[in-house]
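Q: I would like to learn how to read a few features of a model like this one. Where should we begin?

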Amino acid sequence: MIESGNSTKAGLIIYLETQDKVSFEKKLKGTSLDLYKFVDPGGFNIFHDFAKTILKEYMMMPYLNILLEEFRIRHPPYILTEMLNSLNVKDKQSPLHVAAKCNKIKLVIEFLKLGADPTLKDINGQTVLHLAASSDRVGVFAYFYCTLSLDPFVKDINGYTPLHLAALEGNENMSLFLISIANDLEITDNKGYTPLHLTAISSSYKIAKNLVMRGANRNAKCKFGQTPEQLAISMGRNDMVKILKVPGYIGNPCKPQLKVMGKQRFALGIAIMIIKIALVFEFLLCHFNQWIDIGILAISAFSLFMFFVVSFKDPGYEKGKMKIAELYATIKPDYICPYCSVKKIHNTVHCYHCQKCVKKFDHHCPWINNCVGDGNQKIFIFYLLTLIFDLTANFALGLMSIMDFQTEKNPKIPTFYTNKYISVGISGFCAGIMIFVFPLLYIQICNLIYKKTSRERYAYKRNVMFSSLSSSSSIYIKDSEDWSYYSKKIDQSSAENEIETEFCCYRGRRKNPHLNRSSNINEEPEQEQEQD
């Protein structure tokens, strides 16, 4: 029987996958064929098969070393390089393409050392970066980005960049990494779609939220004249309309809007407090007893002072910055913030408005232009108590002023000139603010008593993945075999989220619509309770 390269290669792969090292080495050394002939009719050589194997990397590396040693004995180095850069027939992909797509980071590193060309493109004009992005291989992509001078936003024949592909596939961790390094979020494909348009197609709410909070244009139009919101409506993606819709100028005063806000409410809050103090001094205290004047002004001044203290107090920013390649090599992707280059343990959340990670993140308050977290929660509660005391005192003074205006003989207030409408306005303003502040104070005191954040007490109930992921035994990638962690998590989650369906002779599986496999435990949630 004539020995063929295809049959010999198939036998070697069988010994590899059955972990029979003796037979693998015996067959390799016993063949009379040149090793570069280990190719099947589809153009897949033995290095393609190493990249495709389902084995964990630490199990295959000894076999790869045996193969490479035999190559060095039989052939010059350029033969090995040619095999590593050879493309299969159908997809025109090299072994490096396949290794990147299959999340084989150690194999990627070894192939690059042996001369694999990372700039090669497949039949769709896609590089290893495109394949890593579309397959959600963040660790592999981070290695390419940090160690090689490759353009992370190169386009394929459809005009897709890796960010387009990640958004289209709904790959959250990959998308967040690409958004963190992107200089232009308005880059378009051949149809004029921006990454934000593609989130409407994939119904990727979190990716869309990160894009708009980093400045992506909601009004960008594709070649068909559609904005991302219009595209979502035309495709029936009603769940995406909220994030893709351009927010109004006023919005909900109790929580930040879904856009980069700046310091508008912070400046407005300062102006309102100063005007309130001036009006109280001018119309309510002008003829009071001197000690009453001093006491009321002292309370107001102390409240304003505490406002600035809580505004500039560090809420507990995460400062353990690491190199991004090192992070993705040692930490599981769910526990990494690519914006801050830090690991995020339980309750550490990236704030879209401060653009920093906060320990024990509770919420972002737009009025103090700061987050409430582990570092300033108690001070924030004390500030709320001070503010309520200040508002109550001013409210009481306004009522006493109105009573004096009606009776003109209130023995508790000295005779003085007052303006009825200003008094009513000050009292009404103070009462209105207290309506919002009291529930917030109650929530924060309960958080302090229960030693939980608002995120744990409220948003936790809506996040199905939160419990299982946050209770993980470790956030670290322990061994080389754990590089496959993320793909395993996706597969396991997909299996759990599928429901078996049967109709007549058809049997299949469909996705459970109540579970979201791609939710990240460290995302800032949409707060259900009213805050600030």
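A: Begin with one residue. This is a predicted model, and leucine 385 has its place in helix H19.

Q: Which residues form a nonpolar patch on the surface with Leu385?

A: A patch of this kind joins nonpolar side chains within 5 Å, each residue having over 30% relative accessible area. Here the patch consists of Phe302, Phe305, Phe382 and Leu385, which together have about 390 Å² of accessible area. Helix H17 (290–312) and helix H19 (377–407) are the elements that give two or more residues to the patch.

Q: How does the end-to-end distance of H17 agree with its number of residues?

A: The expected span is 1.5 Å times one less than the number of residues. H17 has 23 residues and should therefore span 33 Å; its end C-alpha atoms are 33 Å apart, which agrees.

Q: Which residues of H17 are buried?

A: An α-helix has 3.6 residues a turn, so residues three or four places apart point the same way. In H17 the buried residues are Asp293, Ile296, Ser300, Ser303, Leu304, Met306, Phe307, Val310 and Ser311.

Q: Which residues are buried in helix H7, and what covers them?

A: Buried means under 20% relative accessible area. In H7 (residues 105–113), Ile105, Leu107, Val108, Glu110, Phe111 and Leu112 are buried. Their cover includes helix H3 (46–52), helix H4 (57–74), helix H5 (77–84), helix H6 (95–101) and helix H9 (138–147).

Q: Where does UniProt place the feature "repeat: ANK"?

A: The unreviewed UniProt entry places it at residues 91–123, 158–190 and 191–223. In the model, residues 158–190 are 55% helix and 0% strand, with end C-alpha atoms 6 Å apart. For residues 191–223 the span is 52% helix and 0% strand, and the end C-alpha atoms lie 6 Å apart.

Q: How many helices and strands are in the protein chain, and what percentage of its residues is buried?

A: The protein chain has 23 helices and eight strands. Of its 532 residues, 52% are buried. Among contacts with a separation of 6 or more, 69% are between residues 24 or more positions apart. The accessible surface is about 25400 Å², and carbon and sulfur atoms account for 58% of that surface.

How values were computed: Residues are numbered from 1 along each chain as its sequence is written. This is a predicted model: local features need pLDDT of at least 70, side-chain atom pairs count only at pLDDT 80 or more; totals for chains, interfaces and linings use all residues. Side-chain values use heavy atoms; hydrogens and water are left out. UniProt positions are given in the numbering used here, feature names are shortened, and annotations may be inferred rather than shown by experiment. Helices (H or I, at least four residues) and strands (E, at least two) are DSSP runs, numbered from the N terminus. Buried means under 20% relative accessible area, exposed over 50%, partly exposed in between (1.4 Å probe, protein chains only). Contact means heavy atoms within 4.5 Å. Accessible areas come from the Shrake-Rupley method with a 1.4 Å probe; for residues, only the protein chains shown count as cover. Patches are made of residues with over 30% relative accessible area and no salt bridge: like charges are joined within 9 Å, nonpolar side chains (Val, Leu, Ile, Met, Phe, Trp, Tyr) within 5 Å. A salt bridge is a side-chain nitrogen of Lys or Arg within 4 Å of a carboxyl oxygen of Asp or Glu.
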